[in-house]
Amino acid sequence: MSAADVWLPLPPEEIEGLPEGPRYLFWDGAEEFPADPADCVFYVVPYMKPSQVCRRPLPRMRSVRVVQTLSAGVDHVEPGLADLPPGVLLCNARGVHEASTAELTLALILASLRGVPDFVRAQDRGEWLGGFRPALADRTVLIVGYGSIGAAIEDRLAPFELARVLRVARSARTTKRGPVHPLTDLPALLPQADVVVLSTPLTEQTRGLAGADFLARMKDGALLVNVARGPVVDTKALLAELDSGRLTAALDVTDPEPLPPEHPLWRAPGVLITPHAGGPTSAFLPRARRLLTGQLRRFVNREPLRNVILTTGTTTA
């Protein structure tokens with residue numbers, strides 16, 4: 001029996017530099033497992049697969065020591081961690097998605113403010129649609145969830161001559177760009193922002209964070225951009241604000257997701273929707289491969305792993 005199976009969602013022959021020792025097996029969520037899950041010691045979770053698919057082998061992984069996601073968020077696998085023995089490390093993909101997600105965030109902001117969806121529809125009609133539109137210059141942007149993705153978003157906002165950037169995270173700290181406010185400061189910060197960007201992980205604290213009270217505190221005409229997780233926003237409350245015309249929104253994630261064809265969010269005024277497109281770009285594979293080879297080298301050499309979010313059987317990461 002193998003004592004060191006590694007399950008990869010990418011074919012092992014396509015990942016240069018994997019360390020010798022483990023047996024590398026390809027599994028991307030197929031019905032049939034590549035081997036007995038009980039022999040897997042390092043499980044790399046399939047990317048962009050439903051949560052139930054990603055969690056399916058976990059109850060049988062009695063030897064697993066590391067669960068590595070290829071996403072920044074880990075909410076899709078966390079419910080399955082109770083099935084694992086204590087001491088298993090859960091690691092995320094910090095460093096893989098920052099560039100792509102920040103790019104899309106800027107695209108959503110600019111497209112929404114400058115009316116690009118209206119221009120595309122007018123082009124389909126052969127209509128020259130003129131008029132003034134809001135600019136990003138001289139605006140205040142509030143980033144809620146100032147981790148590595150939030151910082152990457154601010155890096156890309158820097159050339160746009162903003163009035164200022166406000167930053168919020170779970171706890172207060174200082175960065176080279178300025179202070180990061182705690183979540184408790186949100187009520188006072190929301191009325192100051194022209195654009196509110198959600199880039200926070202989905203946790204019990206952030207589920208439904210952008211609810212009726214949050215949205216009501218946003219200034220008239222403000223833009224809400226969600227590149228976090230759909231359930232961070234209360235969809236019903238957002239629909240009410242969109243239907244009134246008071247707020248606009250650009251959403252890369254929704255609740256529910258995928259959004260059913262008949263859902264009213266598709267037809268709400270002032271909303272731009274992309275289909276969870278922040279991560280899957282040409283930038284993904286090179287960064288994912290580098291992450292996996294680095295993590296597996298550390299694992300084989302018994303060195304500390306990076307991006308550890310939590311350890312099963314403990315109350316802290």
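Modeller: Two strands pair if DSSP finds at least two bridges between them, and strands are themselves DSSP runs (E, at least two residues; helices are H or I, at least four), numbered from the N terminus. This is a predicted model, in which local features need pLDDT of at least 70, side-chain atom pairs count only at pLDDT 80 or more, and totals for chains, interfaces and linings use all residues. Residues are numbered from 1 along each chain as its sequence is written, and side-chain values use heavy atoms, with hydrogens and water left out.

Biologist: How many bridges join β7 to β9, and do the strands run parallel or antiparallel?

Modeller: Strands β7 (residues 164–169) and β9 (residues 178–182) run parallel and are joined by 2 bridges. Val 168 stands opposite His 181 of β9.

Biologist: In which sense do β8 and β9 pair?

Modeller: β8 (residues 173–175) pairs with β9 in the antiparallel sense, over 3 bridges. Arg 173 has Val 180 as its bridge partner in β9. The two strands, β8 and β9, form a hairpin with 2 residues between them.

Biologist: Which residues have the most contacts inside the largest nonpolar core?

Modeller: In soluble globular proteins, nonpolar side chains tend to be buried together. A nonpolar core is a set of buried (under 20% relative accessible area, 1.4 Å probe, protein chains only) Ala, Val, Leu, Ile, Met, Phe, Trp, Tyr and Cys residues joined through side-chain atoms within 4.5 Å. Here the largest core has 34 residues, and Leu 142, Val 196, Leu 198 and Phe 214 have the most contacts inside it. Its largest share, 4 residues, comes from α7.

Terms used
Buried < 20%, exposed > 50% of the residue type's maximum accessible area, 1.4 Å probe, protein only.
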